[in-house]
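Biologist: I have the chain open and want to go through its packing. Can you take me through it?
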Amino acid sequence: MAISDPRPAPGTRDWHEELVCPRCRGPLRTAAGLRCESCDVTYPIDGQVPRFVPWDNYGESFGYQWNQHRLTQLDSVTGVPISRERLVRQSGWSLAELRGSSVLECGSGAGRFTEVLCETGAVVTSVDISSAVQANAASNGRFPNLRLIQASIYDLPLRAESFDHLVCLGVIQHTPDVERAFKTMFRYLRPGGRFCVDVYAAVVAYPHLRQLLRPVTKRIPPHRLYRLVQRTVPSLLPISDALGSVPVAGQWLMRLVPVANHRHLGLPDDATRLTWSILDTFDWLAPRHEKPQPRRRLARWADDLGLSEVSIERHRGLYVIRGVK
Ligand SMILES: C[S@@+](CC[C@H](N)C(=O)[O-])C[C@H]1O[C@@H](n2cnc3c(N)ncnc32)[C@H](O)[C@@H]1O
């Protein structure tokens, strides 16, 4: 299938005008932003990125972390295909099958998976509620097949059933109503379309010391918490490494130290591993919402939506659900 280039050729419609008003689902026209006449509202376009949420929203800590760490997790920067392999492992898709298809990526952060998706030749629509879209635009704006939008999963400015694939990794546990986030995304997937969504496994399945700290740390302003994490991670990481080396019990003992440890990922050097630890330790402690889910609840939601070919697998601290709408 040919790759469609979403940038307007002269005289053709801008992809921005294919978006719909998230309030009334009516058409938008370009007019110093995107204008909905019936709601009498104009949504701004910052750079190439249309914005449908206020700057000030619950995703503030994510905007902070992804603009601090715009490049940290990109495969093209680490030189290791960690994001590519995770996407393939979790989705069960071959990347070749995505070529020419339309993909909706919900909660794209700095764009580690956006990059992999764009490289397949799919037409990729990536949305995020936070200012992380700026980091993603700076890194992946070079792809002509990327459509980047700042919007919430709960109110997407997209046409119903217009996507062949849905990807949402590392996101829904961070939304205020996880069931609603999960179910809403499926509106945009066409019948027969394939999906891959992951979510933190319920605390009983994956207890961790960070869960005791979060009620305090999520209230600390992002820039202060980030400084604290930057100062403490270099001392905590060796302790976590030492506990992790204990035979058999190591993987449980490591959870007693509130530091993200990526010793299993094969990162190229210690400096890179430290940077990933700082990023992911902040990512554990800062988000306003974190609601891990039990497997049976995911199965029930899939049933409610009438999804087929559903599989739910455990990948470390995550459940990955995939299948067909
Ligand atoms: C942990 S990050 C994961 C980012 C990316 N998927 C990755 O794995 O690197 C979670 C992302 O979800 C976004 N997010 C949270 N709630 C959202 C919502 N309601 N709509 C869209 N994005 C949301 C956050 O802004 C954040 O960038």
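Modeller: One definition to begin with: helices are DSSP runs of H or I with at least four residues, and strands are E runs of at least two. Also, this is a predicted model.

Biologist: OK. Which residues does UniProt list for "domain: Methyltransferase type"?
Modeller: The UniProt record, an unreviewed entry, lists residues 104-196 under that name. Over that stretch the chain is 27% helix and 30% strand.

Biologist: On to the nonpolar core. How many residues does the largest one have?
Modeller: The largest nonpolar core has 44 residues, and Cys106 and Ile172 have the most contacts inside it. Elements that each supply at least two residues of this core include β6 (102-106), β9 (163-168), β10 (189-200) and α11 (295-305). Helix α6 is also one of them.

Biologist: What is Cys106 in contact with, leaving aside neighbours within four places in sequence?
Modeller: Val127, Ile153, Leu156, Leu166, Val167, Cys168, Leu169, Val171 and Met185.

Biologist: And which residues does the second core include?
Modeller: That core is separate and has 20 residues, among them Trp93, Val116, Val124 and Val133.

Biologist: Changing topic to α1. Which of its residues are buried?
Modeller: Helix α1 covers residues 60-68. Its buried residues are Ser61, Phe62, Gly63, Gln65 and Trp66. They pack against α5, α8 (222-244) and α10.

Biologist: Take α10. Is α1 roughly parallel or antiparallel to α10?
Modeller: The angle between α1 and α10 (residues 270-285) is about 180°, with the axes 10 Å apart. Angles over 145 degrees count as roughly antiparallel, so α1 and α10 are roughly antiparallel to each other. On the α1 side the contact is made by Ser61, Phe62, Tyr64, Gln65 and Trp66, and on the α10 side by Leu279, Phe282 and Asp283. By class, the residues of that contact are five nonpolar, two polar and one charged.

Biologist: Then α5. How do the axes of α1 and α5 cross?
Modeller: They cross at roughly 25° and come within 7 Å, with α5 spanning residues 132-140. An angle under 35 degrees counts as roughly parallel, so α1 and α5 are roughly parallel to each other. Phe62, Gly63, Trp66 and Asn67 of α1 meet Ala132, Gln134 and Ala135 of α5. The contact of α1 with α5 has four nonpolar, three polar and no charged residues.

Biologist: Where does Ser130 sit?
Modeller: Ser130 is in the loop between β7 (123-128) and α5.

Biologist: Is Ser130 buried or exposed, and why?
Modeller: Ser130 has a relative accessible area of 3%, and buried means under 20%, so Ser130 is buried. Leaving aside neighbours within four places in sequence, Ser130 is in contact with Gly59, Phe62, Gly63 and Gln150. Ser130 and Asp56 are 74 residues apart along the chain, and their C-alpha atoms are separated by 8.5 Å.

Biologist: Last one, Lys183. Where is it placed, and what does it touch beyond four places in sequence?
Modeller: Lys183 is in helix α6 (residues 178-185). Not counting residues up to four places away in sequence, Lys183 touches Trp301, Asp304 and Leu305. From Lys183 to Asp304 is 121 residues in sequence and 8.9 Å in space, C-alpha to C-alpha.

Biologist: What is the relative accessible area of Lys183?
Modeller: The value is 22%.

Notes: Residues are numbered from 1 along each chain as its sequence is written. This is a predicted model: local features need pLDDT of at least 70, side-chain atom pairs count only at pLDDT 80 or more; totals for chains, interfaces and linings use all residues. Side-chain values use heavy atoms; hydrogens and water are left out. Axes are lines fitted to C-alpha atoms, for helices over the stretch in contact, and angles run from 0 to 180 degrees between N-to-C directions. Angles under 35 degrees count as roughly parallel, over 145 as roughly antiparallel, 65 to 115 as roughly perpendicular and the rest as oblique. Contact means heavy atoms within 4.5 Å. Ala, Val, Leu, Ile, Met, Phe, Trp, Tyr, Cys and Pro count as nonpolar, Asp, Glu, Lys and Arg as charged, and the others, Gly among them, as polar. Buried means under 20% relative accessible area, exposed over 50%, partly exposed in between (1.4 Å probe, protein chains only). UniProt positions are given in the numbering used here, feature names are shortened, and annotations may be inferred rather than shown by experiment. A nonpolar core is a set of buried Ala, Val, Leu, Ile, Met, Phe, Trp, Tyr and Cys residues joined through side-chain atoms within 4.5 Å.
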